[in-house]
Amino acid sequence: MREIPGIPYTFQDPAILRLALSHRSTGSLNNERLEFLGDSILNFVVSATLFDLKSDSSEGDLTRLRARVVRGDTLAQLAADLKLGDYIKLGEGELKSGGFKRDSILANTLEAIFGAVYLDGGFEPAAKVVRHICDPFIAMLPDAEELKDPKTRLQEWLQGKGFALPEYNVLS
């Protein structure tokens, strides 16, 4: 196999793609190192995309937006949309427990594919793949203000009105 439907890249070295699709449950030759690399590529490409698209956004807003894109839930959904679970090589135990549907496995495999594209073809093809997969999700992101958690919104409101910040006590 040299490609996966929905991912705009054909591997020159199919062994790299096979490795990217090999979960750690298959043995010592698995996709964990590629996942590490792909995670960094994903973060950079999404950061650069948001930097360009949201020219009026603060660093904090850009960080919140990026976190929404690169989090496990989002990556798992993007991987599921690509039907990536159909291609993942799992060990017997993971296969029996439905690992091909597990969010963490789907998300990690997608990151491994980003790393594999980088090793096989370089940065530009890897960035193109990340953008192809993530840009539709990025286009649907809400305003960064909507992504703030309630505690942050309360603190910002209090500061804006000149009130002291609340004191928090852990009850249990």
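A: Start with α4: its buried residues pack against α2 (32-53), α3 (59-70), α6 (103-121) and α7 (123-139). Helices here are DSSP runs of H or I of at least four residues, strands are runs of E of at least two, and both are numbered from the N terminus. This is a predicted model, where local features need pLDDT of at least 70, side-chain atom pairs count only at pLDDT 80 or more, and totals for chains, interfaces and linings use all residues. Residues are numbered from 1 along each chain as its sequence is written, and side-chain values use heavy atoms, with hydrogens and water left out.

Q: Which residues of helix α4 are buried?
A: Buried means under 20% relative accessible area, exposed over 50%, and partly exposed in between (1.4 Å probe, protein chains only). In α4 (residues 72-81), T74, L75, A76, L78 and A79 are buried. After α4 comes K83, with a positive phi near 60 degrees.

Q: How do α2 and α7 pack, and at what angle?
A: Two packed helices are described by the angle between their axes and the distance between the axes. Axes are lines fitted to C-alpha atoms, for helices over the stretch in contact, and angles run from 0 to 180 degrees between N-to-C directions. For α2 and α7 the angle is about 60 degrees and the axes are 9 Å apart. The two helices are therefore oblique to each other; under 35 degrees would count as roughly parallel, over 145 as roughly antiparallel, 65 to 115 as roughly perpendicular, and the rest as oblique.

Q: Which residues of α2 and α7 meet?
A: Contact means heavy atoms within 4.5 Å. From α2, I41, L42, F44, V45, V46, T49, L50 and L53 meet F123, A126, A127, V130, R131, C134, D135 and I138 of α7.

Q: How is an aromatic pair read, and how many are in the whole structure?
A: A pair of aromatic rings is described by the distance of the centres and the angle of the planes. Rings of Phe, Tyr and Trp (its six-membered ring) pair if their centres lie within 6.5 Å; planes under 30 degrees apart count as stacked, over 60 as edge-to-face and the rest as tilted. The whole structure has two aromatic pairs. One of them is Y9 with F11, edge-to-face at 5.0 Å centre to centre and 90 degrees between the planes. Y9 and F11 are both buried.

Q: Is Q12 buried or exposed?
A: Q12 counts as exposed because its relative accessibility is 57%. Q12 lies in the segment before α1 (14-20), and touches R2 and D120, not counting residues up to four places away in sequence.
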